[in-house]
Amino acid sequence: MKRTYKKMSFGVLFCCLAVSPVVTTGTGNEVTEAAEVSTAKVMDPIPASTKEIVQSTAEAMASEAMDLYNAMNLKKVGLSIKAFEYALRGYKNLVERGKVIRDQVLSICDFSQSSRKKRFYVIDMASKKVLINTWVAHGRNSGGEYARSFSNNPESHKSSLGFYVTGNTYYGSHGLALKIEGLEKNINDKADARNIVIHGSEYVGANFLARSPINGRSFGCPALPQQETGKVIETIKDGSCLFIYHPTKTYIQKSKVLNG
């Protein structure tokens, strides 16, 4: 008997493969991710117009930050453009949410810099000028000359990144001190429980650096030179925004103040 064979068209075969992909390797999570990617190609849940709005908003913020950065000559005093851009973004979000009462002042600790540098900045956002630029210590377990590790945990003796709002003053073991409230859950919201405050210390500043290669370190507090503490606290107390910056990707991606 003569046998006949019915050929399957290439078009049908291709269609079947497109509808029912076969995954032969990888974990269950990888399979799920592959399916999600395939679906995203067919139906993008984010309209192109929305993406354009988000992109244009980010570009506008970056442009505004650069204009202010140049107008205030912040490069000359050592503040990084990224530290200022993130600070400005979070500050604006917090002002809009009503979390910041004294919105004319923005303070930044730029922990991307060496502890030898004057890396604490108090900026008048109304007059667009730097009011104070001085030294600031980081936590002893955050690093030596440079801060590299951060924590929200009690007894970690590390600095915590992110946005804070300043509170009231009091007198403690270091003299005049200023309470700060961490505004970011699981990032710095244990500041009060950890007794993280702004205070003065003899292990920070020009006199200490005259006999030490780097500034001293704290138990996690942003400690300032003793002789400048009063002026700083008087300028930023009672509801202004403080931002402690470091280019740690996990923080930048996780922060709801920056990304919310």
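Modeller: Let's walk through the sheet, strand by strand, with the helix that crosses it.

Keep in mind that this is a predicted model, where local features need pLDDT of at least 70, side-chain atom pairs count only at pLDDT 80 or more, and totals for chains, interfaces and linings use all residues. Residues are numbered from 1 along each chain as its sequence is written, and side-chain values use heavy atoms, leaving out hydrogens and water.

The sheet is open and has eight strands, in the order β3-β2-β1-β8-β4-β5-β6-β7, with mixed pairing. Strands here are DSSP runs of E, at least two residues, and helices are runs of H or I, at least four, both numbered from the N terminus. Strands pair if DSSP finds at least two bridges between them. At the edges sit β3 (129–134) and β7 (224–225), each pairing on one side only.

Now zoom in on β4 (residues 162–172) and β5 (residues 175–182): they run antiparallel, joined by seven bridges. Gly172 stands opposite Gly175 in β5.

Lying across β1 (105–110), β2 (120–124), β4 and β8 (241–245) is helix α4 (residues 81–96), at about 145° to β8. That angle, on a scale from 0 to 180 degrees, is between N-to-C directions of axes fitted to C-alpha atoms, for helices over the stretch in contact, where contact means heavy atoms within 4.5 Å.

What about cysteines? Cys109 counts as buried because its relative accessibility is 0%, and Cys241 is buried at 0% too. Buried means under 20% relative accessible area (1.4 Å probe, protein chains only). The structure holds zero disulfides, a disulfide being a pair of cysteine sulfur atoms within 2.5 Å.

Note on methods: Buried means under 20% relative accessible area, exposed over 50%, partly exposed in between (1.4 Å probe, protein chains only).
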